[in-house]
Amino acid sequence: MKAYLITLFILSTFSMLEAQEMDYNLKGGYIAKGYDVVSYFSGTPEKGNKDFTHQYNDIKFKFVNQANLDRFKQDPEQYIPQYGGWCAYAMGVNGEKVKINPKTFEITDGKLYLFYNSWGNNTLEKWNEENKAELKKKADEHWNEVRYTKK
């Protein structure tokens, strides 16, 4: 009986963990405000087309064409923005989930980072002016703490 209860507890714990959903920035229903996440890797982010959509891990994506959609399907994890698509700088500074400007981005070590940029506040510039390596380290730590909490 004791083994049964322990097994039941372990299974229910795993079920609760699976039920948690990561909090992605899905403004307008799509990650990166509907911009094609593959297009960032060519250096020019483009707004996706509703004719080329895909859902991966409950995240909706738009693509500019079938070729980018196919490229995404080959390795989706490569293209998903870091920190759930929230502003990397804000995540590094205080673990806050801040909206982004989809045209303000950086690719570092093959990863996509998005940033807030409005009203003269370009956080990509701050990210690059301040200690980027330390901000990234702190953002990684903060994201591990807040990624399952809804904004």
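The dialogue below takes up salt bridges and then a strand hairpin.

Modeller: Please keep in mind that this is a predicted model.

Biologist: How many salt bridges does a search of the whole structure find?

Modeller: The search finds 4 salt bridges. One of them joins Asp23 to Lys97, with the closest N and O atoms 2.9 Å apart.

Biologist: Where do Asp23 and Lys97 lie along the chain?

Modeller: Asp23 belongs to the loop between helix H1 (2-19) and strand E1 (49-56), while Lys97 belongs to the loop between helix H4 (88-94) and strand E3 (101-108); the pair therefore ties together parts that are 74 residues apart in sequence.

Biologist: Are Asp23 and Lys97 buried or exposed?

Modeller: Both Asp23 and Lys97 are buried.

Biologist: Which residue does Glu106 meet in a salt bridge?

Modeller: The side chain of Glu106 meets that of Lys132, at 3.2 Å from N to O. Glu106 is in strand E3 and Lys132 is in helix H6 (residues 132-146), so this pair ties together parts that are 26 residues apart in sequence.

Biologist: How should I read the accessibility of Glu106 and of Lys132?

Modeller: A residue counts as buried when its relative accessible area is under 20%. Glu106, at 11% relative accessibility, is therefore buried. Lys132 has a relative accessible area of 28% and is partly exposed.

Biologist: What can be said of the salt bridge between Lys136 and Asp140?

Modeller: Their side chains meet at 2.8 Å, N to O. Lys136 and Asp140 are 4 residues apart in helix H6, so about one helical turn separates them. Lys136 is partly exposed, with a relative accessible area of 28%, and Asp140 is partly exposed as well, at 29%.

Biologist: Let us turn to the strands. How do E3 and E4 run, parallel or antiparallel?

Modeller: E3 and E4 run antiparallel, and 5 bridges join them. Within this pairing, Ile107 has Leu112 in E4 as its bridge partner.

Biologist: What lies between E3 and E4?

Modeller: The two strands form a hairpin with 2 residues between them. In the turn, Asp109 has a positive phi of about 50 degrees.

Biologist: How are side chains arranged along a strand in general?

Modeller: In a regular strand, the side chains alternate between the two faces of the sheet.

Biologist: Is strand E4 mostly covered or mostly open?

Modeller: Strand E4 (residues 111-115) is mostly covered, for 4 of its 5 residues are buried.

Note on methods:
Residues numbered from 1 in each chain as written. Predicted model: local features only at pLDDT ≥ 70, side-chain atom pairs only at ≥ 80, totals over all residues. Heavy atoms only, no water. Buried < 20%, exposed > 50% of the residue type's maximum accessible area, 1.4 Å probe, protein only. Pairing = 2+ DSSP bridges.
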